[in-house]
Amino acid sequence: MREAILSGRGIQKNFGETTVLHGIDIDLYAGDFTVVMGASGSGKSTLLYALSGMDRVSGGTVTYQGRDITRASEKEQTKLRASAFGFVFQKTHLIGNLTLRENIRMAGLIAALSDREAAERTEQLVQQMNLQGAAGWLPGAVSGGEAQRAAVARAVVHSPAILFADEPTGALNRANSQEVLDLFSCLHRDGQSVLLVTHDRDAALRGNRILYLEDGRITGELVLPVYAGRDPTRESRLTAWLEEQGW
Ligand SMILES: Nc1ncnc2c1ncn2[C@@H]1O[C@H](COP(=O)(O)OP(=O)(O)OP(=O)(O)O)[C@@H](O)[C@H]1O
Ligand SMILES: [Mg+2]
């Protein structure tokens, strides 16, 4: 039995009269790159917000380290998000008047790394994310791909237990998308647990476990080997499975 790091049970989310998540059960396992795939409006972002404590649920529980985080206070949830979780979105949300390097380092300081730890970890990530040339520039002066790579670095500067990503390649062209996805794969191979929600098949390919969300219910699961480069067999397995799911 593998140990779940985060478990959702009966997660329900209503917006007014509309139920968007219908009692979802989900476990995230340490070291997994879990992808939630589904059509626009199926509830992927809502599920990510519910699991990460970014938004309150209408029913059900989310357990992290033995605690139901849905019952934690706002302050405790904020602290947990800052220390144990990392986030990447379609938009980078980098601070415009700080360089990429300063953005990454500041996130480390906010997550309570010491000055030295934050600086060292930032330089390590700048190398890993191939940002040596861009790290001294402001977000507005670099390419979309460089900015998003910095956003990924910022999200993992404090070595979070789970990296949450919501359509991280949604605003990127194909070349930049592949670079960002390569980073996710690289982090995963180094042991990072990831939850990525997307309707991008190329992004889904990077997962080793893919869940299908349809109208607020998980309707399918595909387990794949850990991504190790382009692989036609993997691509056809995913395509066939997605067809079965009604993609
Ligand atoms: N704050 C909100 N108030 C009302 N309805 C909402 C709110 N947020 C989301 N919804 C609705 O919930 C449903 C699921 O939305 P969600 O954003 O989770 O879908 P998604 O799968 O992430 O879609 P996309 O692929 O377009 O990002 C949609 O019908 C959406 O209109
Ligand atoms: Mg969404």
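Angles under 35 degrees count as roughly parallel, over 145 as roughly antiparallel, 65 to 115 as roughly perpendicular and the rest as oblique. This is a predicted model, in which local features need pLDDT of at least 70 and side-chain atom pairs count only at pLDDT 80 or more, while totals for chains, interfaces and linings use all residues. Residues are numbered from 1 along each chain as its sequence is written, and chains are lettered from A and ligands numbered from 1 in the order in which they are written.

Helix α3 (residues 100–110) and helix α4 (residues 115–128) cross at roughly 135°, and their axes come within 9 Å. The two helices are therefore oblique to each other. Helices here are DSSP runs (H or I, at least four residues), numbered from the N terminus. Axes are lines fitted to C-alpha atoms over the stretch in contact, with angles from 0 to 180 degrees between N-to-C directions.

The crossing of α3 and α4 is right-handed, a term for the near helix being turned clockwise from the far one by less than a right angle. On the α3 side, Arg101, Ile104, Arg105, Gly108 and Leu109 meet residues of α4 that include Glu117, Arg121 and Leu125; contact requires C-beta atoms, placed from the backbone, within 7 Å.

Helix α5 (residues 144–156) packs with helix α6 (residues 174–189) at an angle of about 20°, the axes being 9 Å apart. That makes α5 roughly parallel to α6. The crossing of α5 and α6 is right-handed. Among the residues in contact are Gln148 and Val152 of α5 and Val180 and Leu183 of α6.

Conventions:
Two residues are in contact if their C-beta atoms, placed from the backbone, lie within 7 Å.
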